[in-house]
Amino acid sequence: MSQGDKERNKNTLTTEAGIPIPDNQNSLTAGKRGPTLMQDHFLFEKLARFNRERIPERIVHAKAAGAHGIFTVTNDITKYTKAKIFSQVGKKTEMFGRFSTVAGEKGSADTVRDVRGFALKFYTEEGNWDMVGNNTPVFFVRDAMKFMDFIHTQKREPQTNLRSPSMWWDFWSLVPESLHQVTILFSDRGIPAGIPHMNGYGSHTYSFINANNERYWVKFHFKTLQGIKNFMDEEGARLAGEDPDWTTRHLFETIKKGDFPKWKLSVQVMPEIEAENYRWNPFDLTKVWPHGDYPLIEVGIMELNRNPENYYAEVEQSAFSPANAVPGISFSPCKMLQARILAYADAHRYRLGVNYEMLPINRPRADVEVRNYHRDGYMRFDNNGGASPIYEPNSFGGPTEDPSYNEPPLKISGDADRYEQKRGVDDDYIQPGNLFRLMKKDEQQRLVKNIVGTLKTTPKNIQERMVKHFLKADKDYGHGVAVGLGLPVG
Ligand code: NDP
């Protein structure tokens, strides 16, 4: 091919099969005014591709912004974990983050009161570590059995297709373990003024395993170095109308300006033995570990410094799973985590297809080779293992297990049964009360006002049930909500 031909071909529009297209404006018709010919396969290719441009939207966390970045270790935590990402102070690891609202659809407004997803993928040399967290340290429920019902309350009513405060408050009033997260959600932090201005938390308890094969329980905290900033209800509502994509735009423009947002990663670490008698069930996702008991230990700095080139390829196709934990970082008995280990990868297999980990944004970086006996499936776009064996054990070579990656055995006891995780009658109320009491007076007042704003639209029996919960957390909290609702204070 001559140089001239090559240059011309570089810009020539083609079909999916690489065939040059002579006309992209006029479809092929039988005569000047006649019907379109079936032979215009490029027109049909365009129509058919267009019909298939959407993949299933995530049921939760559909609306998001994302960015690439770097994680740098600033403090030695190798006595707790052998994870290579933390192996040396100064070590840098590439990462990608996706930050979302939870309940709204893909086109919904950003500046609404909702939990924010804080999903991170670290491309480590021993595979990808996904930290699929939120901007809150706790969650509404602590048993996955309740999760689907809870999410239904955040979605739309079956008849009207409207969102419904009655569904929210009805569920929360009947599931008091949600009170802690409800208190955070309706506090000032319920509408972050931009992704750079919110914290991220691993929320679940995870584990660290060190080089001596000792296990520690761990919680991850990513604290914003830009400072917490929030929108008040009125500002959030105004922006939701005027600029529904405010948060997405803000992150993109902040990074474009070179104003790279940073977070300090710290961990709380609990020796395995202490979990047995700690005052809180350390695996209960509705609880924090008070900092006074387990202080934050600095680990490193995460910086977001590169916008995606293509939203669909990088943000929409990114897929995170708590199952992606690298050697040195592992799971805990948290019932919600256990279910997420299964459910996230399962959601991606449905949404993106069984080979979703091969997509460029999800696959491990260059120095990690993926070796296994998984084959075939929709959209297998590498060489599918070529001629190599497709089973193990085999006599022809291929990847084999490495027992040095075994984790220390986990001691368990008791009978298999369906256990409620509560440890005491007051367990669902102390921590929400602590949070209320650490708020300044004006923040307490806004919390109450934000709650009353939607709770007042629900049936009276739901309001009364909620007031009882708020009263149990803190007298002033319950009193404030009761007065706001015009209910007698018990
Ligand atoms: P501390 O005083 O040591 O910590 C209080 C924490 O509360 C800080 O991390 C602070 O975050 C955070 N905070 C302040 N206002 C809000 C808010 N409106 N929503 C969510 N978090 C907020 O106390 P304890 O560790 O004893 O915890 C007391 C209460 O603080 C807990 O019951 C819990 O509700 C809340 N909390 C605790 C966390 C933990 O891991 N211990 C983490 C987050 C919240 P910052 O420093 O960024 O301002």
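Aspartate 110 and lysine 63 are both buried. In this predicted model, their side chains meet in a salt bridge, with N and O 2.8 Å apart. A search of the whole structure finds 32 salt bridges. The points below describe that pair, two further pairs, a network of charged residues and a nonpolar patch.

**The pair Asp110 and Lys63**

- Aspartate 110 lies in the loop between strand E2 (92-101) and strand E3 (116-124).
- Lysine 63 lies in the loop between H2 and strand E1 (64-73).
- The pair therefore ties together parts that are 47 residues apart in sequence.

**The pair Lys84 and Glu126**

- Lysine 84 forms a salt bridge with glutamate 126, and their closest N and O atoms are 3.3 Å apart.

- The side chains of glutamate 125 and lysine 91 meet in a salt bridge of 2.4 Å, taken from N to O.
- Glutamate 125 is in the loop between E3 and E4 and lysine 91 is in the loop between E1 and E2, so the pair ties together parts that are 34 residues apart in sequence.
- Glutamate 125 is partly exposed, with a relative accessibility of 35%.
- Lysine 91 counts as buried because its relative accessibility is 18%, and buried means under 20%.

**A network of salt bridges**

- Some salt bridges share partners, and in this way Arg142, Lys146, Glu177, Asp284, Lys287, Glu420 and Asp428 are joined into one network.

- Met38, Phe44 and Leu47 make a nonpolar surface patch of about 340 Å².
- Leucine 47, one of these residues, is placed in helix H2 (residues 41-51).
- Leucine 47 has a relative accessible area of 48%, so this residue is partly exposed.
- A residue needs over 30% relative accessible area to be part of a patch, and leucine 47 has 48%.

How values were computed. Residues numbered from 1 in each chain as written. Predicted model: local features only at pLDDT ≥ 70, side-chain atom pairs only at ≥ 80, totals over all residues. Heavy atoms only, no water. Patch = residues over 30% accessible without salt bridge, like charges linked within 9 Å, V, L, I, M, F, W, Y side chains within 5 Å. Areas by Shrake-Rupley, 256 points an atom, 1.4 Å probe, with all protein chains shown as cover. Salt bridge = Lys/Arg side-chain N within 4 Å of Asp/Glu carboxyl O. Helix = DSSP H or I, 4+ residues; strand = E, 2+ residues; numbered from the N terminus. Buried < 20%, exposed > 50% of the residue type's maximum accessible area, 1.4 Å probe, protein only.
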